[in-house]
Amino acid sequence: MKVTEHIEKANGKSLFSFEILPPLKGQNIQSIFDSIDPLMEFNPPFIDVTYHREEYEYKELPSGLLEKKIVKKRPGTVGICSAIQNKYQVDAIPHILCGGFTKEDTENFLIDLDFLGIQNVVALRGDAVKNETYFKPEKEGNHYASELVTQIANLNNGIYLDDELQNSSATNFCIGVAGYPEKHMEAPSLDSDIYFLKQKIKNGASYIITQMFFDNKKFFDFVAKCRKEGITVPIIPGLKPISTKKQLNLVPHRFKVDIPDELIMSIVRAKDADAVKQIGIEWCINQSKELIKEGIPVLHYYSMGKSENIKAIAREVF
């Protein structure tokens, strides 16, 4: 079932969903099941699975020269999605990126998903690889998420890259895209970011899922701006509880989001690691309850492969 259909079927009830990471190469899928199992009691209608592109590593040779090596540390997104749908009978939603894909790679990826009965995707540009300052698309790839959305929408209309195909089958993907309540880190302003977000909707996206935030007012203001610009699709908030003191610096640096002073100081004054984790849980519970009170269709949690704190939140909220 499509995400939009799940929302319609809920008849105004706020749904619970979460995102997982593929395991590091060498680990088996049981680690994924172990992180999902504790959360199934809250009846998630869908689970997102991230896609991690290649990384470059440099190995020093005996001669002293450096050899560039391409490594994929978290493969398996498609296989995990298939396993989730088979084991839990819930929809799995793979992320699909511009980075690391040619348009032909993208088309073949989508064909595989279609054959597996996967009806939802989240279309993202993706980040630059770690040793590059700016994102670089593949030579024959999509440059922006809006272009990727167009390619997926074209397949939904039976339009493939090979325009000589006859009697081609149309896919039926529901396309999600990212939104940024505090703007994308590369956007010059929030208004310009929303302008390009609207383009993704025009090109065929059916819902928006947001970057994490810790101040609900920023989310509500973002939604209001989107509605003012004529964006009418569901907007799903992305939430993540702070769990360590280190994240006070890591999260703003990595994701370019603000953390409210009240939350910062509570964590700074916490007596130990358990207290920090509990503060993060309670803050996220309060966020969640306020969002539900405002009729938000789905609350989406970034679990980062750890379900203990997400379960503690869900137990109080759903």
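Visitor: Between which two elements is the place of Gly-76?
Guide: This is a predicted model, in which local features need pLDDT of at least 70, side-chain atom pairs count only at pLDDT 80 or more, and totals for chains, interfaces and linings use all residues. Residues are numbered from 1 along each chain as its sequence is written, and side-chain values use heavy atoms, with hydrogens and water left out. Helices (DSSP runs of H or I, at least four residues) and strands (runs of E, at least two) are numbered from the N terminus. On that basis, Gly-76 belongs to the loop between β4 (66–71) and α3 (77–88).

Visitor: Is Gly-76 buried, partly exposed or exposed?
Guide: With a 1.4 Å probe and protein chains only, buried means under 20% relative accessible area, exposed means over 50%, and partly exposed is in between. Because the relative accessible area of Gly-76 is 38%, this glycine counts as partly exposed.

Visitor: Why does Asn-43 count as exposed?
Guide: The position in question is in the loop that connects α2 (30–36) with β2 (46–49). Asn-43 counts as exposed because its relative accessibility is 60%.

Visitor: Which residues line the second largest pocket?
Guide: On a 1 Å grid over the protein atoms alone, a pocket is an open set of points where a 1.4 Å probe fits, with protein on both sides within 12 Å along at least five of seven lines, and lining residues have an atom within 4 Å of a point. Asn-43, with its positive phi, is one of the residues in this lining. The lining consists of Lys-13, Ser-14, Leu-15, Phe-16, Phe-42, Asn-43 and Phe-318.

Visitor: Where does Asn-167 lie, and what is its relative accessible area?
Guide: Asn-167 has a phi near 55 degrees, a positive value in a residue other than glycine. Asn-167 is found in the loop between α5 (145–156) and β7 (174–179). This asparagine is exposed, because its relative accessible area is 78%.
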